[in-house]
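Student: I am new to this structure. Please take one part of it and go through that part closely.

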Amino acid sequence: QGLKELSKWPTFPQLYAKGKLVGGLDVVKELIEGDELKGELGVAEGEGDLNTRLAQLVSKEPVMLFMKGAPGAERCGFSRTIVALLQDQGVKFGTFDILGDEEVRQGLKELSKWPTFPQLYAK
């Protein structure tokens, strides 16, 4: 109820971009039909491109770990081991759970020419 009152929009789902209400499902459909959705969301053409997305993810932090799970909730022994090693050495690092995004998972395999995870990237 609180979100409906705040947005003054009576239905769900509600799409927000950069903290601003874009609209409900009907508005999103209209924006798609008019080829205006990306502009409304502030997404430039090509930003959705996988290679661009991978480059942004890899450089998100000075050290990025692409792993299965998250620190403290690792979903494989290799990910658990590398997290422990980095933490023991005091290395600050960002992480990305590749199990939650198959496109990124497969894209990184091709980018790195390495078929398994975890993968560690440093600037």
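Tutor: What follows is a look at one helix and its surroundings. The model is predicted. The part in question is helix 4, which covers residues 50-58. At its start, a side-chain oxygen of Asp 49 comes to within 3.3 Å of the backbone nitrogen of Asn 51.

Within helix 4, Leu 54, Leu 57 and Val 58 are buried. Viewed down the helix axis, the buried residues fall within an arc of 95 degrees, so they line one face of helix 4. An α-helix has 3.6 residues a turn, so residues three or four places apart point the same way. The buried residues of helix 4 pack against strand 3 (63-67), strand 6 (94-97), helix 6 (102-112) and strand 7 (119-122).

Of these partners, take helix 6. The axes of helix 4 and helix 6 come within 10 Å and cross at roughly 85 degrees. The two helices are therefore roughly perpendicular to each other. From helix 4, Leu 50, Arg 53, Leu 54, Leu 57 and Val 58 meet Glu 103, Val 104, Gly 107, Leu 108 and Leu 111 of helix 6. Sorted by class, this contact has 7 nonpolar, 1 polar and 2 charged residues.

Asp 101 sits in the loop between strand 6 and helix 6, and beyond its neighbours within four places in sequence, Asp 101 is in contact with Arg 53 and Phe 96. With a relative accessible area of 15%, under the 20% cut-off, Asp 101 therefore counts as buried. A polar atom of the Asp 101 side chain lies 3.2 Å from the backbone nitrogen of Glu 103, and Glu 103 is one of the residues of helix 6 that meet helix 4.

Notes: Residues are numbered from 1 along each chain as its sequence is written. This is a predicted model: local features need pLDDT of at least 70, side-chain atom pairs count only at pLDDT 80 or more; totals for chains, interfaces and linings use all residues. Side-chain values use heavy atoms; hydrogens and water are left out. Buried means under 20% relative accessible area, exposed over 50%, partly exposed in between (1.4 Å probe, protein chains only). Helices (H or I, at least four residues) and strands (E, at least two) are DSSP runs, numbered from the N terminus. The arc is that of the directions from the helix axis to the C-beta atoms. Contact means heavy atoms within 4.5 Å. A polar contact is a pair of N or O atoms within 3.5 Å; within protein, one must be able to donate a hydrogen and the other to accept it, and residues adjacent in sequence count only if both atoms are side-chain atoms. Axes are lines fitted to C-alpha atoms, for helices over the stretch in contact, and angles run from 0 to 180 degrees between N-to-C directions. Angles under 35 degrees count as roughly parallel, over 145 as roughly antiparallel, 65 to 115 as roughly perpendicular and the rest as oblique. Ala, Val, Leu, Ile, Met, Phe, Trp, Tyr, Cys and Pro count as nonpolar, Asp, Glu, Lys and Arg as charged, and the others, Gly among them, as polar.
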